Amino acid sequence: MASRSAVALLFQQYKALLKKNFLLSWRNKRATFVQLFASFIFIFLIFAIQEAIKARFSSSTSYKRVTDPDPQFSFPILPCEEKYYVKLPCVDFVWSGNGSARITSLVNAIRANNPGRPISSDKVRSFRTANEVDDFLFKNPMTCPGALYFVERNATVISYGVQTNSTTLAKRGTFEDPTFKFQIPLQIAAEREIARSLIGVPNFSWIVTLKEFAHPALEIFSALASVGPSFFLATAMFGFVLQMNSLITEKELKLRQAMSMMGLYDSAYWLSWLTWEGILALISSLVIVLVGMMFQFDFFLNNSFAVVFLVFFLFQLNMLGVAFLLSAFITKASSSTTAGFFIFIVGTVTQAVTAFGFPYSSSISKPLRNIWSLFPPNLLAEALQLLVSATATPQDVGVSWSNRGKCAANDDDCVITINDIYIWLVATFFIWLVLAIYFDNIIPNVSGVRKSVFYFLNPGYWIGKGGNNVKEGGICSCIGSLPPQEHITPDDEDVLEEENLVKQQIMEGVDDPNIAVQVRGLGKTYPGSTNMGCCKCKRNPPYQALKGLWVNFAKDQLFCLLGPNGAGKTTAINCLTGITPVTNGDALIYGIPVRSSIGMSKIRKLIGVCPQFDILWDSLSGKEHLDLFASIKGLPPSSIKSVIQKSLEEVKLTEAANIRAGSYSGGMKRRLSVAIALIGDPKLVILDEPTTGMDPITRRHVWDIIENAKRGRAIVLTTHSMEEADILSDRIGIMAKGKLRCIGTSIRLKSRFGTGFIANVSFSVTTNGQATPNRDVVDTTHHEDVKQFFKHHLNVEPKEENKSFLTFVIPHDREVLLPNFFKELQDRVSEFGIADIQLGLTTLEEVFLNIAQQAELESATAEGRLVPLTLTTSGTSIEIPVGARFVGIPGTETSENLRGNMVEVYWDQDESGNLCISGHSDETPIPPNVDPVVSLVPAPPRRSILGRQGVARGIVLDPNQVITSNSH
């Protein structure tokens with residue numbers, strides 16, 4: 001039953017992906033049209049080239065089959081102007097022997113009796129001797145087609161000679177045969193008039209006929225054999241590049257990874273692309289054959305339709321396998337065009353070599369032929385050569401389906417047949433496909449994860465039990481051993497309590513039904529590696545991204561994970577979703593361990609993920625996205641439509657359901673991503689910054705969706721919005737530098753890690769003894785009285801001050817004084833002109849910054865990472881570690897102030913989430929009994945190369961001692 005369910009899910013995913021591929025091709029109509037019908041243009045070009053060749057040889061019968069040639073009777077002497085490349089003025093012929101009256105009469109008869117055209121005297125030149133003729137021809141080149149030399153021997157003998165230029169000339173595709181065009185007419189005219197002169201009969205009939213010798217047609221130059229391979233390769237390259245681009249785009253944009261996190265089978269992914277591209281290759285091959293037949297090529301008409309079709313179909317299918325293989329190595333979609341161009345150039349060169357007979361000849365060794373046949377364009381070129389040769393002349397009958405395994409009758413050096421080429425194309429296609437799947441597994445993906453080089457030797461891979469263990473680093477990287485993860489006792493009591501609770505549950509074997517996820521010392525260390533490039537060797541030290549995370553995520557609750565960049569949040573999520581392998585510890589998601597490959601396949605059916613960045617296809621609509629992911633999750637097909645409609649209504653995308661995601665705003669894309677994460681009723685939902693880019697109204701609506709989604713499932717949320725975390729979370733964990741720094745409810749964290757209470761005192765105008773709030777005119781005469789009151793009773797100064805209000809930060813240690821203090825302040829409201837008093841805890845953002853600041857300080861201390869601080873009063877610059885709060889200023893010591901001055905540094909987050917200095921307080925004397933942090937004793941000022949004194953290093957003071965000292 002389980003196997004049938006797996007097969008049914010595989011088939012459902014396959015259909016959904018096939019539909020997705022169809023929609024992507026349909027929406028990209030131009031590219032698909034070019035892929036299918038580019039052959040029309042190339043075949044038309046071949047047709048034009050072939051017709052040009054035929055026109056060039058049209059005057060010759062050598063390329064025609066002649067069985068019973070017609071005789072030719074009339075051979076007049078042609079005008080000299082009809083000779084190719086003649087210089088004007090010209091003469092029709094010249095002759096020697098003008099010293100003889102008989103010969104002169106004979107030449108006059110030749111001129112007068114020329115068939116169809118008497119020759120005028122000015123078109124003929126006469127000379128006495130042959131030497132004079134030769135001298136004329138030498139001095140006047142290209143002005144005369146021929147010459148006659150007459151000698152009267154006696155009364156009954158007249159001898160003659162004929163001289164013409166026998167060089168064959170061509171003009172505009174037509175050849176000029178000087179023998180047939182000029183020599184024979186002169187010879188016939190001379191013999192005719194000599195005969196008439198000797199017998200004395202001027203009208204004696206003298207008829208000479210010439211007849212071409214019967215012959216078969218010679219093999220004419222074939223455009224299909226010469227440029228056809230390159231043109232048909234170019235046709236296939238459109239599909240080749242588009243397919244490779246599609247695969248790499250889905251990998252580069254993490255679209256495939258998103259589908260895998262939702263439970264996609266790799267077999268369904270590859271099978272869907274293979275089926276769709278196979279269909280396109282089939283249609284393209286049919287178009288090639290039909291267009292070729294439309295242009296009346298003997299190649300397509302005389303060879304069997306099935307034989308020709310299979311050549312093109314198997315070739316395009318083979319190139320599809322090569323595209324699959326190359327996509328495993330290329331990481332950027334923009335590089336696919338470059339790779340396609342490179343393949344085309346190499347293929348064109350090797351096809352030209354193949355056209356000259358290499359290596360498909362009996363004189364070439366078989367191993368070399370086998371190696372050459374691994375490259376698909378070479379097989380195409382040889383197949384075209386064989387099929388063209390089989391239809392080269394009208395008497396050739398072509399290759400039939402039954403004779404595909406035989407050599408052609410006119411092939412006297414046959415070493416490979418069409419059937420052999422079929423076998424090679426099919427065999428190499430499966431080789432490329434297997435290699436593509438293999439390298440896709442062992443080459444690191446976008447997350448840097450790969451399988452072992454010999455993963456296929458693990459029996460568990462084939463039976464689905466433990467064969468999917470993954471590694472990290474490139475194939476050419478030498479991964480060092482992982483350092484043992486040291487257990488670090490948490491500094492925070494709540495974190496320690498959470499850790500002990502998890503450990504106790506593990507030891508007692510407690511299976512708490514209210515816990516959705518139990519993280520058991522989860523650790524992630526990226527191993528040190530040595531990357532061996534072509535000319536360099538780079539060493540990378542190990543890096544601990546996650547340092548033992550112990551925590552429970554309860555059902556029906558939202559756990560908010562906060563932390564600055566590099567805190568380990570994303571690493572923890574990647575470990576839970578199986579994107580990154582775990583190196584230490586484990587995590588149970590509804591009792592299923594994430595470190596088990598079988599377990600992870602089950603977990604992915606239970607989880608929904610909204611990644612940090614929108615992972616959407618621009619060409620698919622919101623409805624089509626939900627349909628795709630619902631099918632991948634395995635929802636019953638009968639319920640998918642209603643589930644999609646409900647999901648669209650929840651995220652307010654019903655009106656935009658059929659609009660392409662590429663036209664969505666940033667907020668709409670995030671809402672669609674949230675809907676995808678929630679589709680299929682997942683038991684665990686991981687939302688990574690789901691409301692980024694949303695307007696306030698939409699953000700509030702999504703918060704309602706997330707709040708309602710808590711029922712029946714656990715939600716893990718990461719965000720940079722402290723307001724969002726405060727409103728949505730049931731518990732909050734703040735991470736920094738790979739460790740959980742604090743955990744608890746929002747109120748718990750504020751009370752423990754906030755600076756204290758925030759008191760806002762608003763003032764108003766006094767009219768007839770009545771306090772009337774007025775924001776435009778405010779009485780500031782009582783400000784000093786209120787400040788003195790707070791100073792006297794609580795020893796605090798205002799943190800913020802303007803005409804309308806005063807803001808005080810009251811430390812937690814003065815909490816016991818607050819009831820009496822505010823009671824007395826309330827009694828003196830009229831005296832101080834106070835309009836309103838507000839008291840609250842510090843914000844969650846302040847808690848977050850305090851935790852992040854302390855973690856950054858520890859890290860900066862260990863790494864010696866310093867940033868400059870420029871004091872606004874003196875303009876002096878000092879270097880301080882990132883996160884330092886109270887800093888002593890070197891060089892401010894005086895006889896009255898032996899300890900010098902200090903400032904409080906204010907920190908904030910930049911756009912990248914890193915801590916940056918936002919300002920500092922005024923300089924105040926360092927209180928007594930405040931010591932510097934031992935590990936941060938200031939170093940002496942450094943000196944530059946020129947000997948100038950460098951920037952001094954600030955003295956980091958213990959913040960607890962400073963706060964305690966200021967409270968007394």
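Is Cys90 buried or exposed? Cys90 has 6% relative accessibility, so Cys90 counts as buried. Buried means under 20% relative accessible area, exposed means over 50%, and partly exposed lies in between, with a 1.4 Å probe and protein chains only. Keep those words in mind.

Some ground rules. This is a predicted model, where local features need pLDDT of at least 70, side-chain atom pairs count only at pLDDT 80 or more, and totals for chains, interfaces and linings use all residues. Residues are numbered from 1 along each chain as its sequence is written, and side-chain values use heavy atoms, with hydrogens and water left out.

How confident is the predictor? pLDDT is its confidence in each residue, from 0 to 100. The mean pLDDT of the protein is 86. 90% of the residues reach 70 or more. Residues 771-775 fall below 50. Beyond near neighbours in sequence, that stretch still has nine contacts in the model. Contact means heavy atoms within 4.5 Å.

Next, the layout. The bounds come from an automatic or database domain assignment. Domain 1 covers 1-52 + 220-442, and domain 2 covers 72-210. Domain 3 is 493-528 + 540-750. Domain 4 is 755-765 + 780-841, and domain 5 is 864-939 + 946-967. Taken over C-alpha atoms, the centres of domain 3 and domain 5 are 40 Å apart.

Now back to the cysteines. A disulfide here is a pair of cysteine sulfur atoms within 2.5 Å. How many disulfides does that rule give? Two. Cys90 is joined to Cys80, with 1.9 Å from S to S. Both cysteines sit in the loop between α2 (29-56) and β1 (93-96), so their bond ties together parts that are 10 residues apart in sequence. Helices (H or I, at least four residues) and strands (E, at least two) are DSSP runs, numbered from the N terminus. The S-S torsion of Cys80 and Cys90 is about 70°, so this disulfide is right-handed. Cys80 is buried, at 0% relative accessibility.

The other disulfide joins Cys407 to Cys414, at 1.8 Å from S to S. Its torsion is about -70°, so it is left-handed. Cys407 is partly exposed at 40%. Cys414 is partly exposed at 25%. Counting bonded cysteines along the chain, the pattern is 1-2, 3-4.

What about Cys742? The closest cysteine sulfur belongs to Cys560, 11 Å away, which is too far for a bond. Cys742 is buried, with a relative accessible area of 0%. Cys916 is partly exposed, at 27%.

On to a helix. α29 spans residues 844-863, which makes 20 residues. From first C-alpha to last, α29 reaches 28 Å, close to the 28 Å expected at 1.5 Å a residue. That expected span is 1.5 Å times one less than the number of residues. After α29 comes Gly864, with a positive phi near 70°. Ala852 lies in α29 and is buried, at 3%. Which residues does Ala852 touch, leaving aside neighbours within four places in sequence? Pro564 and Leu915. Ile747 is 105 residues from Ala852 along the chain, and their C-alpha atoms are 18 Å apart.

Last, a hairpin. Strand β28 (residues 866-870) runs antiparallel to β29 (residues 877-881), with five bridges between them. Strands pair if DSSP finds at least two bridges. Leu866 stands opposite Pro881 in β29. Six residues lie between the strands, and Gly875 takes a positive phi near 80° in this hairpin.

Methods
pLDDT = per-residue confidence, 0-100.
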